[in-house]
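I opened my notebook beside the model today and jotted down what I looked up. Come along with me through the entries.

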Amino acid sequence: AAKREALDMAFRRFIKDEWERLTPRAASSAAFVARERAWLDDYAIFHALADLWPGREWTEWPDPIRARDPRAIADVRRELGRDVLRHQYAQWVAHEQWQDARRAVRARGVSLVGDLPFVAARHSACVHHGPCSMRCMKSMKLVTFDGTSLGDGNTACTSCAGRPWSAITGTTLRSASESRAT
């Protein structure tokens, strides 16, 4: 709770001292958001919604949002814009810190690799908007990886939950030495 409070305080100060004044630091944050839009928008919207309904999984959210209706998501983006930006800011801060750490260890001859998800959590932006969601919506068979039925309905399923990331995305993770060999 203390970390979140500190990050929220930093965000409020960032908005006041940087974002509203269009400083170079604000431009750096905006560039990160634009560059990472492919995943960051869904991530930030998902977490802004999770904050709105704490303790409720996305499968319990209102139907249009749960099904990712484009109008509903546009409304969320408009109504929760500051909260969406807060989550984007947090990812930008984490990214900047990660890059600083990588530079520091690289100067000592050490290479670091970023984190890769091996399993998708049921209550996550990946599953809410993952590659399997549209296939599952078409089949209307809503089950979790462990076979628990979520019933029928016009919504995305959670069949990605608990599955290895490579099975969900069709990608294979390779070691650094394998990557250099190709």
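**Entry 1: a salt bridge to start**

In what kind of contact do the side chains of D83 and R86 meet? I found a salt bridge, 3.8 Å from N to O; the term means a side-chain nitrogen of Lys or Arg within 4 Å of a carboxyl oxygen of Asp or Glu. Before going on, I noted that this is a predicted model, in which local features need pLDDT of at least 70 and side-chain atom pairs count only at pLDDT 80 or more, while totals for chains, interfaces and linings use all residues. Residues are numbered from 1 along each chain as its sequence is written, and side-chain values use heavy atoms, with hydrogens and water left out.

Back to the pair: D83 and R86 both sit in helix α6 (residues 81-106), 3 residues apart, about one turn of the helix. Helices (H or I, at least four residues) and strands (E, at least two) are DSSP runs, numbered from the N terminus. I reminded myself that an α-helix has 3.6 residues a turn, so residues three or four places apart point the same way.

I then looked up exposure, where buried means under 20% relative accessible area, exposed over 50%, and partly exposed in between (1.4 Å probe, protein chains only). D83 is partly exposed at 29%, whereas R86 is buried at 13%. Salt bridges that share partners join R4, D8, D51, D83 and R86 into one network.

How many salt bridges does the structure hold? I read off 13. One of them joins the side chains of R4 and D8, at 3.8 Å from N to O. Both residues belong to helix α1 (residues 2-19) and are 4 residues apart, about one turn of the helix. R4 is partly exposed, with a relative accessible area of 40%, and D8 counts as buried at 19%.

I also looked at D41 and R77, whose side chains meet in a salt bridge (3.8 Å, N to O). This pair links distant parts of the chain, with D41 in helix α3 and R77 in helix α5, 36 residues apart. D41 is buried at 13% relative accessible area, while R77 is partly exposed at 37%.

**Entry 2: the nonpolar cores**

Next I turned to the cores; a nonpolar core is a set of buried Ala, Val, Leu, Ile, Met, Phe, Trp, Tyr and Cys residues joined through side-chain atoms within 4.5 Å. The largest has 16 residues, and those with the most contacts inside it are I45, L49, W61, I65, V76, L80 and V84. Two or more residues come from each of α3 (37-52) and α5 (70-79), and α3 gives the most, with 6 residues.

Which residues does L49 touch, not counting those up to four places away in sequence? I listed W61, I65, V76 and L80; contact here means heavy atoms within 4.5 Å. Apart from this core lies another, of 11 residues, among them I15, A26, F32 and W92.

I noted A72, I73 and V76 as the buried residues of α5. They cover an arc of only 95 degrees around the axis, so they lie on the same side of α5; the arc is that of the directions from the helix axis to the C-beta atoms. On the other side of α5, I found P70, R71 and R78 exposed. The buried residues of α5 pack against α3, α4 and α6.

**Entry 3: aromatic rings**

I counted 8 aromatic pairs in the structure. Rings of Phe, Tyr and Trp (its six-membered ring) pair if their centres lie within 6.5 Å; planes under 30 degrees apart count as stacked, over 60 as edge-to-face and the rest as tilted. F46 and W61 form a tilted pair, 5.3 Å centre to centre with 45 degrees between the planes. F46 lies in helix α3 and W61 in the loop between α3 and α4 (63-66), so the pair ties together parts 15 residues apart in sequence. Both F46 and W61 are buried.

**Entry 4: confidence**

Finally I checked pLDDT, the predictor's confidence in each residue, from 0 to 100. The chain has a mean of 76, and 64% of its residues reach 70 or more. Over residues 131-169 pLDDT stays under 50.
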